[in-house]
Amino acid sequence: MQTVKRAIAILCVLSAVVLGACSSDSTRKRASERSLGGEAGESPVPSDFWEYRLTYPTGRLDPAWIKAARDADRSISRALPAGVRSQNSASGVSFRSVLDTHAATALGPAPLDWSDTYGMVGGRANVIVTHPTNTSVAWFGSDGGGVWKTSNCCGPATTWSTTTDQPDIANIAISTMALDPNNPDIVYAGTGDYRRNRPFGFGASGLLRSIDGGNHWSVLGEDVFTPVYSQPNGVFPQYRSISTIAVDPNDGSRLVVGTSQGLYFSHDTGVNWSGPCLTNTFTDQRQDITGLLAINQGGTTELMVAVGTIARPSTVRPDLRLNGANGIYRATMPASGCASGWSLISRSDNGWPAGSGSGIPVASPGGNPLRRIDIAMAPGDNNILYAQVMFLGVFRSLDGGTTWSQRAIDPDNFSGGCVTDPLSGLVFEDYSAGLSISPTDANTLFLTSTDLWRSTDGGLNFTNVTCGYDEISPGVAGTVHVDHHARAYVGGSPQNLLIGTDGGVSFTSNAQASQPDFTAINNGTNTIEFYSGDITARFNDPASPLRGIAAGAQDNGSSTQTWASGVTPALANWKVRFAGDGVSSRIEPILGQRWYHSSQFGYIAASIAGPNAPVDNDVTPSDDWAGDRRGFLMPYTLYTNGDATTCPPATGCQRMLAGTFRVWESITGGLPNTSWVANSPDLTKTLATNNDLSIINKVVHIEGNPSAAIVGTNDGNVQVGFGLGQGSANSATWVNVTDANAQLPNRPIMDVASDPRFSIVAYATLSGFNENTPGSLGHIYRLACNANCSVHSWINRSGNLPDIPVNAIALNPNVPGQAFVGTDWGLYFTDDIDASTPVWQRLDIGVPSSMVWDLVIDRGATTLAIFTRSRGAWVWPLPGGDRIFANGFDG
């Protein structure tokens, strides 16, 4: 297996075609699960990193904790930290900042240049809506990145701008959108990450409403649409999120919102709400609303609702299929309160499989076979309905839902369109699903899955028209990013179609052609989901000959961008350099020639001739870290702040560390890849259960002393190592400073960093929630050691921070005691982390409230780089960093 993984990773580096095929390891995993029957009746996945980071050690998660944290967060002020000065002037010092000193600069990618495979791509687009009469206007909702609008749709020159970076919008993860059919300038957007029910999405934070075409937004029902999901003890933790929205075509003041806990109704434009309202009597079962139509029946509004539990287990969700309520229901829009008189229209006596809507769980004898259901109505004909049903196929009604017939059967009626068509059996999924009907021909419809599929015979047969993992014709690779989520016709034309994928938005003007030509149109979209990255030395120094940045992104590999001397960094189209799910990038700062990139599970490769050279130098040991237990986001680091001894001018910085369950070290920059040695014992707790989650999350050198390092593990350990840098295996000595978590909370350690002022003072940041470690509260802890850490202590430095996961920390070497942290909700800072109770404030530099996964300070300490999930990368002049221009300090 290791050999196969390695072969795939190497091919990803060398082949543009395979590069595309390696963009999402999760999809290959879904293929293997399906072929091996892994989707049937499995217990919750024990190695769920994302669940674990929030629930360890108890396995508990009450989203009410998140609501309480949100209330606490509102009392925190927004400000700029000490040391921020205006450009071109300072007391006694003349200096010039390249970057804006009072606002962070968004660098993108906007979009990401993957032109040799998928075009100019963005991050995941969950939903697209188009203006019914103005073909230049469209909107899409980003997973974690807000609402984006264009006024010059649709073609290669299309540009987008975000409209939801408002301080009062707590959550910019958008799952669904809708226009008021009575007034298309009224736009609604639902918050929360519904498609995945991801345990890091934090659920709904209200319904967004705009009355000016999506330029400005108000938040409705924030006390109703919260993350709080009622669930019994022991059930997999998740959040409530908004899945669907419908506006009454006969009365725009009436709204219906579908959630992962049923329906909510408002009859006064979102001021007051009734709910959760159920379409059935199975009150003890899940009520995921996966489809919602509000149909004008001659002045009366009929509601058609699909209950279809997002079901299949995955790496971020266990098996939730056991739900007998799944089905399609119909009722009349009420004048007040919840709708009543619901009737089940997906029954075994009108064309559906036996057990449909029976209330009997899926896995029981005679149980309900229905899982996720998506529904669509033909434009202009209320009688023609289609339903896409996970793992069953496509159903059609020609009489408004009274009777149905099964058309396509999964996978029998899905074939063709690609050269080898390897994924035809992966049509129906819960992550990528949905269908749209042509505005002029009810027999033509598009269905989304891993790829986009088209039927021209009323849903009986489907052909793959994008072939993201294959070739459209011999030698011609598919050009549309895999994992599709959204579709929208433009201006009522059957030819003009927008689609949303894990690579953003694409458009075709010949949707009816045998092979439509899709073009990625993501100009301006800063929506890439970064994990970790790096920037070049002295980034904000006007004299720097080159400024560069590199980072790894979920679904979109690792990429780089550079700016020549004299060019001010700004939004740019980065270039993909390395395939896989990008994880981390590092840049050697002295010579600037070695640029490292990694993909999932610790495959590392490097360019040795600068940012634009091929990434074809294998840095991973040939035995794949000896088969060690390691994480999907396996960390590695390069020591970058050394002097002429530890970072020689002739060779640059070469001391590297990597973390599996133990620390690996190379003192020659990982090259050759035989230079790595294991230099620690198992540093984790090696849990008896969930053993594969006993991994290292972060490993860093001690500032000013690369012979020492600090490690944070996923199971709550912190260890400090001494005697590194000798080039021999197990030459270092490690001290476990965890002390059985007597003071340090027993929760996942997300980041560790040493204080540049002291020999051994360090900080650890933690995920999870206080309720799971009631004896040890907080998310930021300070470690103080003597010379060999034989004596050490922990002190809570969380202060007034809300009870949310903290993913990253950076200490400013220019301003003593100033610290920055990146959280699931964005950026915070304190000017005095030495205080017994530090005062934390929101860092008011314009970075949206999206998840921050990594913070990096450049060599020379001129710039803070911020890497976000779903809003790309940002840079900001580090307070006090102008000292470099006054005295030539080189860090």
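**Entry 1: Arg655**

Leaving aside its neighbours within four places in sequence, which residues is Arg655 in contact with? I began my notebook with this question, keeping in mind that the model is predicted. On one side of the list I found Thr637, Leu638, Tyr639 and Thr646. I also noted Ser666, Ile667, His701, Pro706, Ser707, Leu724 and Gly725 as contacts of Arg655.

I then looked up where Arg655 sits, and found it in the loop between strand S43 (636-638) and strand S44 (656-659). Arg655 is buried, yet I found no salt bridge for it. The nearest side chain of opposite charge belongs to Glu665, and it is 5.5 Å away. A salt bridge needs a nitrogen within 4 Å of a carboxyl oxygen, so I left this pair off my list of bridges.

Next I checked the confidence. The chain averages a pLDDT of 89, and 89% of the residues score at least 70. Over residues 1-47, though, the pLDDT is below 50. I was curious about that stretch and saw that it has 104 contacts in the model beyond near neighbours in sequence. Where pLDDT is low, predicted coordinates should not be read in detail. I therefore leave those contacts without further comment.

Residues 89-94 also stay under 50 in pLDDT. For them I noted five contacts beyond four places in sequence.

**Entry 2: salt bridges**

How many salt bridges does the structure hold? I found 25, and I picked a few to follow.

Then I turned to Glu529 and Arg869, which form a salt bridge with their closest N and O atoms 2.8 Å apart. Glu529 lies in the loop between strand S34 (519-520) and S35, while Arg869 is in strand S60, so the pair links parts that are 340 residues apart in sequence. I noted that Glu529 is buried, and so is Arg869.

My next pick was Asp682 with Arg629; the closest N and O atoms of this salt bridge are 3.1 Å apart. Asp682 is in the loop between S46 and S47 and Arg629 in the loop between strand S42 (617-618) and S43, so the pair ties together parts that are 53 residues apart in sequence. Is Asp682 buried or partly exposed? At 28% relative accessibility, Asp682 counts as partly exposed.

**Entry 3: the nonpolar cores**

Which residues have the most contacts inside the largest nonpolar core? I wrote down Leu107, Phe530, Phe539, Ile549, Trp574, Phe867 and Val875, in a core of 24 residues. The elements that give it two or more residues are strand S3 (112-114), strand S35 (530-535), strand S36 (546-553), strand S38 (574-578), strand S60 (863-869) and strand S61 (873-877). S36 gives the most, with three residues.

Apart from this core I found another, of 23 residues; Ala69, Ile76, Tyr763 and Phe769 are among them.

**Entry 4: backbone details**

I looked for cis peptide bonds and noted the one from Asp410 to Pro411, with omega near 0°. Pro411 lies in the loop between strand S24 (405-409) and strand S25 (435-437). A cis peptide bond also joins Leu671 and Pro672, where omega is about -5°. I placed Pro672 in the loop between strand S45 (663-666) and strand S46 (677-678).

I finished with positive phi values in residues other than glycine. Thr686 has a phi near 50°, and its place is in the loop between S46 and strand S47 (696-702). With a relative accessible area of 36%, Thr686 is partly exposed. Asp739 has a phi near 55° and sits in the loop between strand S50 (733-736) and strand S51 (749-754). I noted a relative accessible area of 36% for Asp739, which is partly exposed.

Key: Residues numbered from 1 in each chain as written. Predicted model: local features only at pLDDT ≥ 70, side-chain atom pairs only at ≥ 80, totals over all residues. Heavy atoms only, no water. Helix = DSSP H or I, 4+ residues; strand = E, 2+ residues; numbered from the N terminus. Buried < 20%, exposed > 50% of the residue type's maximum accessible area, 1.4 Å probe, protein only. Lys, Arg positive; Asp, Glu negative; His and termini not counted. Contact = heavy atoms within 4.5 Å. Core = buried A, V, L, I, M, F, W, Y, C linked by side-chain atoms within 4.5 Å. pLDDT = per-residue confidence, 0-100.
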